[in-house]
Amino acid sequence: MNKLECIIQVIDYIENHLNEKLTLSSIAVEIGYSKYHLHRMFTDVVGITIHDYVQRRQLSEAAKLLVFSKKSILEISLIAGYESQQAFTTIFKQMYKKTPNEYRTNKEFYPLQLRFSLNEKLYRPLLDNIKTKIILAKLSDIPLWLDLVNLIIDGFPNLKEKEYLEVLKKAIIEKQALILKDRGFAIAVMIICFETNSIDFFGVHPLYRKLGIEKLFLDKLMNEILIDKEISITTFREGDKADPGYRKVYKELGFAQAELLIEFGYPTQKFILSPQSKGDINE
């Protein structure tokens, strides 16, 4: 069994046992791999640890039940694999910024994590001359774009697909949406706002995050689109347990922390990339 087949088997097992207490050790035993080897493989392919993936998936399913069912919070806690309502409530509030009862009252569901879907065609990235393949998105690219969004939704709290779709269509029509494709799949996408010189959405497929694609997008943005402009982006606040690592990525790309914000009811922080950082991005 190769690496991809192993991760697919792990995900299948997790999805079939979301109502149980799942640990790295118990999953490793079922799959027949060393837990240390499995941990490295899963994190490398999916981008987050097995523990984080399980937690996000279980909480996402629990959030769905809170909004669309009449089950009690205690019952949902047990279904989500937690031994007590208190333990469930604590982690739910850390991740969703609301208690289960507040979330249910709000009646708006959004997932922390959707099922991670892998395709063998994307297992070994084969992109050459990546920068030249970053192009303006077309309306026909929307299905590919949304497939990628569903895969990386862990980095965009409170994203609602219907509203997002309207924003995406407008950005494509106004030529403010960039896409990178490989073998019929969206690999990286970016929505830009010319009025505010901001990146309103930026995501890269987990399998392609070690190829320097983020830097190439920023290089194109700073040298061809928003030339000599200060560029902003918002992401998770420091210490937010829901952050799968986006703050770290933006800091490594040269972004500096700015003011704290509340966006769509969620606490975020603005980051700024100055024109003086251009040299660092091009290195």
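The expected span of a helix is 1.5 Å times one less than its number of residues. Helices (H or I, at least four residues) and strands (E, at least two) are DSSP runs, numbered from the N terminus.

This is a predicted model, in which local features need pLDDT of at least 70 and side-chain atom pairs count only at pLDDT 80 or more, while totals for chains, interfaces and linings use all residues. Residues are numbered from 1 along each chain as its sequence is written, and side-chain values use heavy atoms, with hydrogens and water left out.

Helix α10 covers residues 213-225, and Lys220 is one of them. The buried residues of α10 are Ile213, Glu214, Phe217, Leu218, Asp219, Lys220, Leu221 and Met222. Here buried means under 20% relative accessible area, exposed means over 50%, and partly exposed is in between (1.4 Å probe, protein chains only). Lys220 has a relative accessible area of 13%, so Lys220 counts as buried. Leaving aside neighbours within four places in sequence, Lys220 is in contact (heavy atoms within 4.5 Å) with Ile134 and Ile225.

## Helix α6 and its covered face

Now let us turn to another helix. Helix α6 (residues 85-96) has twelve residues and reaches 16 Å from its first C-alpha to its last, close to the 16 Å expected. Its buried residues are Phe88, Ile91, Phe92, Met95 and Tyr96. Seen down the axis of α6, these buried residues fall within an arc of 115°, so they line one face of the helix. The arc is that of the directions from the helix axis to the C-beta atoms.

The cover over the buried residues of α6 includes α4 (50-68), α5 (73-79), α7 (100-106) and β7.

Next come the strands, where two strands pair if DSSP finds at least two bridges between them. Strand β5 (residues 231-236) has five of its six residues buried, so β5 is largely enclosed by the rest of the structure. Six bridges join β5 to strand β7 (residues 266-273), and the two run antiparallel. Within this pairing, Thr235 stands opposite Gln269 in β7.

β7 is also joined to β6 by six bridges, again antiparallel. Glu263 has Tyr266 in β7 as its bridge partner. Strand β6 (residues 256-263) also holds Glu259, which counts as partly exposed because its relative accessibility is 40%. Leaving aside neighbours within four places in sequence, Glu259 is in contact with Gln269 and Lys270. Glu259 and Thr234 are 25 residues apart in sequence, and their C-alpha atoms are 9.6 Å apart in space.

A further antiparallel pair is β3 and β4, joined by six bridges. Ala188 has Val204 in β4 as its bridge partner. β4 is mostly covered, with six of its seven residues buried.

## Turns and positive phi

Most residues other than glycine have a negative phi, and most peptide bonds are trans. In the hairpin of β3 and β4, four residues lie between the strands, and Asn197 in the turn has a positive phi of about 55°.

The hairpin of β6 and β7 has two residues between its strands, and there Phe264 takes a positive phi near 55°. With 71% relative accessibility, Phe264 counts as exposed. Lys175 also has a positive phi, near 60°, and sits in the loop between α9 and β2 (177-182). At 55% relative accessibility, Lys175 counts as exposed.

## Pocket and cavities

Rolling a probe the size of a water molecule over the atoms shows where empty space is left. On a 1 Å grid over the protein atoms alone, a cavity is a set of points where a 1.4 Å probe fits but cannot get out, and a pocket is an open set with protein on both sides within 12 Å along at least five of seven lines; lining residues have an atom within 4 Å of a point. Grid points are joined across faces, edges and corners, and a volume is the space filled by probe spheres set on the points.

The largest pocket holds about 990 Å³ of space. Its lining has 36 residues, of which Val167, Asp200, Phe201, Glu263 and Phe264 lie nearest its centre. The elements giving two or more residues to this lining are α9 (161-173), β3 (185-193), β4 (198-204), β5, α11 (246-252) and β7.

There are two cavities of 30 Å³ or more in the structure. The largest cavity has about 40 Å³ of space, and its lining residues include Arg56, Tyr110, Phe236 and Tyr266.
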